[in-house]
Amino acid sequence: MDKKVINLLITEAQKARKMAYAPYSNYLVGAALVVPSGNIYTGCNVENASYGLTNCAERTAIFKAVSEGQRHIDAIAIVGAPLMDEPSDYAYPCGSCRQVMSEFLPESGDIEVIVAKSLDDYKIFKLSELLPNSFNL
């Protein structure tokens, strides 16, 4: 993956993290994804007092893209850390987010998942590494 795209996705995920609504966990997460057209969609986690209704940053970004007619994701970057802290660890997508990502695989057949602390400190995985044998019809 092109370093410019990686940097852009991480930067946009960092911006999205600042918009998170996380009054219960105080853990802010931002995500940014790119689709085949090159458009970028962002999302943040949105918590709810009924915790099961909370939505993760990754799914927020994916649902925004889908609501705009997108059906494939090429890559997604995720950044997370406690309120008032800079990321000091990688924020991996939860199982639900991994399964939702698998619903929108690109024609290449796999999504690049970037977990980042900063522009200089990140890891890239294929979704198939993070979710082997996913459930797909």
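**Close-up views of a predicted model**

View 1. Residues are numbered from 1 along each chain as its sequence is written, and side-chain values use heavy atoms, with hydrogens and water left out. Of the 16 lining residues, Tyr27, Val29, Asn45, Thr54 and Cys56 are the closest to its centre. Both β1 and α2 supply at least two residues of this lining. For the grid-minded: on a 1 Å grid over the protein atoms alone, a pocket is an open set of points where a 1.4 Å probe fits, with protein on both sides within 12 Å along at least five of seven lines, and lining residues have an atom within 4 Å of a point.

**View 2. The largest nonpolar core has 25 residues.** Such a core is a set of buried Ala, Val, Leu, Ile, Met, Phe, Trp, Tyr and Cys residues joined through side-chain atoms within 4.5 Å. Leu33, Ile62, Ile76, Met101, Ile111 and Val113 touch the most other members. Two or more residues each come from β1 (27-34), α2 (57-67), β3 (75-82), α3 (95-102), β4 (112-116) and α4 (127-130); these are DSSP runs numbered from the N terminus, helices being H or I with at least four residues and strands E with at least two. The largest share, four residues, belongs to α2. A second, separate core of eleven residues includes Leu9, Ala77, Val79 and Ala116.

**View 3. Helix α2 has a buried set of residues.** Ala57, Glu58, Arg59, Thr60, Ala61, Ile62 and Ala65 are buried, meaning under 20% relative accessible area, with exposed over 50% and partly exposed in between (1.4 Å probe, protein chains only). Their cover includes β1, β2, β3 and α3. After α2 comes glycine 69, with a positive phi near 95°.

**View 4. Asparagine 48 sits in the loop between β2 (40-44) and α2.** Its relative accessible area of 31% makes asparagine 48 partly exposed. Not counting residues up to four places away in sequence, asparagine 48 touches Tyr24, Leu53 and Thr54, contact being heavy atoms within 4.5 Å.

**View 5. Three salt bridges turn up in a search of the whole structure.** The criterion is a side-chain nitrogen of Lys or Arg within 4 Å of a carboxyl oxygen of Asp or Glu. Lysine 15 and glutamate 12 meet at 3.1 Å, N to O, both in helix α1 (residues 3-17) and three residues apart, about one turn of the helix. Glutamate 112 pairs with lysine 126 at 3.6 Å, N to O, linking distant parts of the chain: strand β4 and strand β5 (residues 122-126), 14 residues apart. Glutamate 112 is buried at 18% relative accessible area, whereas lysine 126 is partly exposed at 34%. Finally, aspartate 121 bridges to lysine 117, their closest N and O atoms being 3.7 Å apart.

Note on methods:
Predicted model: local features only at pLDDT ≥ 70, side-chain atom pairs only at ≥ 80, totals over all residues.
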